[in-house]
Amino acid sequence: MRRALAVACFLPLLIPTAVAHAEAAPDDRQQAFAKAAETYQVPESVLLGVSYLGSRWDSHAGQPSNDAGFGPMHLTDAAAFTGSNHHAEGEEDPRGDETRPLAPPSEAPETTEEIPASLRTMEKAAALTGESHETLKTDPAANIRGGAALLADYQKQLGAPLSDDPGQWYGAVARYSGATEYEAAKFFADEVFSVIASGVTRTTDDGQRVTLKPVPDLGKIESWLEKLGLSLPRRDGVECPRSISCEWIPAGYAQLPNNNYGHYDLSDRPNNQKIDYIVIHDMEGYWAPSVRLNQDPRWPGSWHYSVRSSDGHIAQQIKTKDVGWQAGNWYINAKSIGIEHEGFLAEGSTWYTEAMYRTSAKLVRYLAMRHGVPLDRAHIIGHDNVPGTLPTTVRGMHEDPGPFWDWAHYFELMGAPLHQFGGPRSGSIMIKPDFETNKPYFYGCDRKNPSAACPPLPASTVWLRTEPRADAPLVKDIGKHPTGDSLYSVYDHSARATTGQRYAVADRDGDWTAIWYLGQKAWFHNPAANPTAVPSMGLVVTPRPGLKTVPVYGRAYPEQEAYPAGIPYQAVTPLQYTFSEGEKYTLAGPAAAEYYRAVTFDPAPHTVVRGKTKYWQIQFGHRVMFVKADDVRVTFQ
């Protein structure tokens, strides 16, 4: 992951937060869909449904998706196609076990390849409409015309009629996904037709009100799909729900020179250890090159699932019983499943497609139900929520999927919406700004101009300040910035709280609310007319009477007496933060005192060391952390 860029601090209030442009009427986009549908003889419901699966009708300020798609119709223009992956960047050791550090690769595997057709649909749309690439990227109406022209062209190539019956367009819709796999194309088409059947209304990121009226008795002529000649991927025992497209592409596992091996560990979960977490990542790269990196045992990092952006297709690469080297913390790795999503945290301020959100949410719900993982933000966590293991590793931890991941929508798709619990004066709150209208200032999205402001795009985070005023400094994170200030960089989470995270209230002052955060009061703007948090009563912890401070940890390892002969003791080392009397932090539940000893290619000697020490998991800052149960008192507020 690229590190936060060191630039001079300045107040975001002095930076323009919107690109100047003529205000569009709130029904312009609806009219654009109707006109394009009429021009190209595509049923308006089909055009709206396809667009919803790509972008939910948003324009995204002309910025590309994580699959190089632009505008409401997600027209792709992958001129900057890259094979990078964030496991290759930054200081984090993905295995997260300092007793056996991973060396970075001497060189990245070759990933140069021809850009796939699915990432070049804008070329065809430009040829069909006569519009320039720039116009198709930045003008939503032109973009919608381009998508309509593509759908009509696909329909003609299939030999299907330009019919008013949406069911006749099933094959063209499937082809629009760009998938080369039968199940992936079918999943995309089925999701589009599900949206058409149920209908939907929403206001887009730029204030456009769009409605897709439900189509009753909607039929699907699936025989058109057979004419696409798509491949059938391997499903060799994949651990996925049948309703999504999922194939088995095994990660590399091999004995390497000098008694090394790569690049994951065999295990027997959940028989030997319960899976407690599902970790959400983005790849900082495109799907195919990243999948190939996971197939190379020399590559220092691995994960269980890879999710493609355009159609939500999934590659399972490691069995869930085994341990991926994915989160930079061996305790979390041993008890989690890692899911990588095609895309970039911020390069070009990329956004995540609806198709990917939907298939990923179905996968997460399936895995959570199978392994008893709570569907909350303390257990469905981002890579950016995983703590460092030691004071020395805190600074280098990764920060994906970043502020542009829509956690509230993701949990809605899981069937576990983030609801409030309690009244307006509850002692705990859950961060929950309105994603579409919440557009905080960031810089660092443009690699060529790293100090420039990012385009104003929807985000799931709020800034945390030292005082209840908009020009107050950001709170500090002594682990991330031992001698400096937090940054407004998109790559710096030091002074941010994110949707779904629960915090104990420290104070209130008018439209401002303070939470306990990394040992300090952290203020965020939370006006009653447009709240950025909701009440969330629950258990909190505070230092046990008589203790001035309590240590916090990045892992819940057993006490020394628990280790059998032949297995070295793993020190339980506090992090650099201070948890002082009077402070309160929300409690997520118990954390098992465990250490998985797995340092050999042969899994026979692998051992789970279990201790008697009781730990609690708490929301201490942006990342989760742990405290010993004997050090704290638990109350409800």
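Which residues form one aromatic cluster with Y331? The answer is Y557, Y563, Y569, Y595 and F626, which make up the cluster together with Y331.

A word on the ground rules before going further. This is a predicted model, in which local features need pLDDT of at least 70 and side-chain atom pairs count only at pLDDT 80 or more, while totals for chains, interfaces and linings use all residues. Residues are numbered from 1 along each chain as its sequence is written, and side-chain values use heavy atoms, with hydrogens and water left out.

**Aromatic pairs**

A search of the whole structure turns up 32 aromatic pairs. Rings of Phe, Tyr and Trp (its six-membered ring) pair if their centres lie within 6.5 Å; planes under 30 degrees apart count as stacked, over 60 as edge-to-face and the rest as tilted. Here are two of these pairs to look up in the model.

| Pair | Ring centres | Angle between planes | Geometry |
|---|---|---|---|
| W407 and Y410 | 6.0 Å | 70 degrees | edge-to-face |
| W463 and Y488 | 4.9 Å | 75 degrees | edge-to-face |

W407 and Y410 share helix α12 (residues 407-413), where they sit 3 residues apart, about one turn of the helix. Helices (H or I, at least four residues) and strands (E, at least two) are DSSP runs, numbered from the N terminus. W407 and Y410 are both buried, a term that means under 20% relative accessible area, with exposed over 50% and partly exposed in between (1.4 Å probe, protein chains only).

For the other pair, W463 belongs to strand β16 (residues 461-463) and Y488 to the loop between β16 and β17 (496-498), so the contact ties together parts that are 25 residues apart in sequence. W463 and Y488 are buried too.

**Charges over rings**

A charge sits over a ring if NZ of Lys or CZ of Arg is within 6 Å of the ring centre and within 35 degrees of the ring normal. R100 lies over the face of W330, 4.5 Å from the ring centre. K319 places its charged end over the ring of W248, at 4.3 Å from the centre.

**Disulfides**

The whole structure holds 2 disulfides, each being a pair of cysteine sulfur atoms within 2.5 Å. One joins C240 to C246, with an S to S distance of 2.0 Å. C240 counts as buried at 6% relative accessibility, and C246 counts as buried at 0%. Another disulfide links C445 to C454 at 2.1 Å, S to S. The link of C445 and C454 is right-handed, with 95 degrees about the S-S bond, and both cysteines are buried. Counting bonded cysteines along the protein chain, the pattern is 1-2, 3-4.
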